[in-house]
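Subject: Structure handover

Hello,

Here is the structure I promised to pass on. Please open it first, then read my notes below.

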Amino acid sequence: MARCIRFVKEHDLEFSVRSGGHDYVGKSICDGGLVIDLSGNSIEIDPAENTAIVGSVVRWGAFDEVAQKHGQATTGATVSTVGIAGYTLGGGTGFLARKHGLALDNLLSARVVTTFGESLLASEHHLQDLFWAIRGGSGNFGVVTSFEFKLHEVAPEITAGQIVFPFEQAGDVLRFYRDFMRDAPEEITCYAFFLNATPVDAFPESYHGKTVLSLVTAYIGGSKTRQKRTRTPPERWRAGFKHYSADTLHRSPHHV
Ligand SMILES: Cc1cc2nc3c(=O)[nH]c(=O)nc-3n(C[C@H](O)[C@H](O)[C@H](O)COP(=O)(O)OP(=O)(O)OC[C@H]3O[C@@H](n4cnc5c(N)ncnc54)[C@H](O)[C@@H]3O)c2cc1C
């Protein structure tokens, strides 16, 4: 990495850094310059300390699979192919966020290569300013080659699903959503958003091509807690929720 940085400086080139490649506007691919496509894909779990050191090109699906062998996970993207790097450096919200915070809250340290070609370890105890800056500041402060995360115990089973409503029901549904989430247990995370339903199996045919309201939800608590603490939505809401093994945690429910 340090050699790449020195090379682009010597040759006065543009460069960009690519990890999971999920930037919405393609910022990780520059024109006419050098794309540094990272390849450090190691995942080291320390189950006793509840920590993981993860190479920056790793994607959430791969990280989950390894961490779940120890019954652990940390907040990650809701789609398994998103890269941990761009996601974490931008803040990172996901299904564990209500209980365990954003990805940046779970970051313990990061190895950063600066534009001077130095490799630095930033943490709460060392280079605090740099550590503060990379948590939300995206890739503007150097290239991160590995991340150390705090892990949490997550039950071997989660409940997740997507509920889709016709646009006309959006007012009623969003009012219920607002009231329900106000005092919902922290184990429940639910995203509400409008989308245009593409003609795929995840949506009933009658929805294809229409704007619909989607609630994507995951419940990460155990089954006893689930029965005791969650309220059932009104009957007219067809949930069709399923149980999944937690190693699919950061796959979108309609992808699992
Ligand atoms: C399908 C999809 C689902 C998503 N789901 C979520 C979600 O649930 N929650 C959420 O919070 N966000 C989500 N996002 C947004 C996603 O977190 C951001 O787009 C993120 O920047 C993608 O990171 P990446 O590593 O995959 O992308 P890349 O395109 O590789 O990188 C994104 C940016 O980070 C920079 N960068 C990449 N790696 C490094 C590095 N190692 N060091 C320094 N800079 C680097 C790149 O240069 C670029 O500017 C989603 C995006 C998509 C497309």
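Start at the ligand. The shell around the ligand has 30 residues, and Gly20, Asp23, Gly83, Gly86 and Gly139 come nearest. H3 supplies the largest share, four residues. By class, the shell has 16 polar, eleven nonpolar and three charged residues.

One caution before you go on: this is a predicted model.

Now the overall picture. The chain holds seven helices and 13 strands. It has 256 residues, and 31% of them are buried. Take the contacts with a separation of 6 or more: 63% of them join residues 24 or more positions apart.

In general, nonpolar side chains in soluble globular proteins tend to be buried together. Here the largest nonpolar core has 42 residues, and Ile84 and Val144 touch the most other members. Elements that give two or more residues to this core include E4, H2, H3, E8, strand E6 (107–113) and helix H5 (128–134). Strand E10 (157–166) and strand E12 (211–219) are also among them. The core draws on both domains, with at least three residues from each of domain 1 (40–153) and domain 2 (157–255).

Ile84 deserves a look of its own. Leaving aside neighbours within four places in sequence, Ile84 is in contact with Val54, Ser56, Val58, Arg59, Trp60, Phe63 and Phe147.

Val58 is one of those contacts. Val58 sits in the loop between E4 and H2. Is Val58 buried or exposed? It counts as buried, because it has 23 C-beta neighbours inside 10 Å, and the cut-off for buried is 20 or more. With neighbours within four places in sequence left aside, Val58 is in contact with Asn41, Ile43, Phe63 and Ile84. Val58 and Ala85 are 27 residues apart in sequence, yet their C-alpha atoms are 7.8 Å apart in space.

Move along to helix H2 (residues 60–68). Its buried residues are Trp60, Phe63, Asp64 and Ala67. Seen down the axis of H2, they fall within an arc of 100 degrees, so they line one face of the helix. What do the buried residues of H2 pack against? Their partners are strand E3 (43–46), strand E4 (51–55), strand E5 (72–73) and H3.

- Asp12 is in the loop between helix H1 (2–10) and E1. Its phi is near 50 degrees, a positive value in a residue other than glycine. Asp12 counts as exposed, because it has 6 C-beta neighbours inside 10 Å.
- Leu127 lies in the loop between strand E7 (119–123) and H5. Its phi is positive too, about 50 degrees, although Leu127 is not a glycine. Leu127 counts as partly exposed, because it has 17 C-beta neighbours inside 10 Å.

Last stop: Tyr191, in strand E11 (residues 188–196). How many C-beta neighbours does Tyr191 have inside 10 Å? There are 15, so Tyr191 counts as partly exposed. Tyr191 and Val216 are 25 residues apart in sequence, but 5.2 Å apart in space, C-alpha to C-alpha.

Best wishes

Definitions and conventions
Residues are numbered from 1 along each chain as its sequence is written. This is a predicted model: local features need pLDDT of at least 70, side-chain atom pairs count only at pLDDT 80 or more; totals for chains, interfaces and linings use all residues. A residue is near a molecule or strand if its C-beta atom, placed from the backbone, lies within 6 Å of it. Ala, Val, Leu, Ile, Met, Phe, Trp, Tyr, Cys and Pro count as nonpolar, Asp, Glu, Lys and Arg as charged, and the others, Gly among them, as polar. A residue is buried if 20 or more other C-beta atoms lie within 10 Å of its own, exposed if 12 or fewer, and partly exposed in between; C-beta atoms are placed from the backbone. The arc is that of the directions from the helix axis to the C-beta atoms. Two residues are in contact if their C-beta atoms, placed from the backbone, lie within 7 Å. A nonpolar core is a set of buried Ala, Val, Leu, Ile, Met, Phe, Trp, Tyr and Cys residues joined through C-beta atoms within 7 Å. Domain bounds come from an automatic or database domain assignment.
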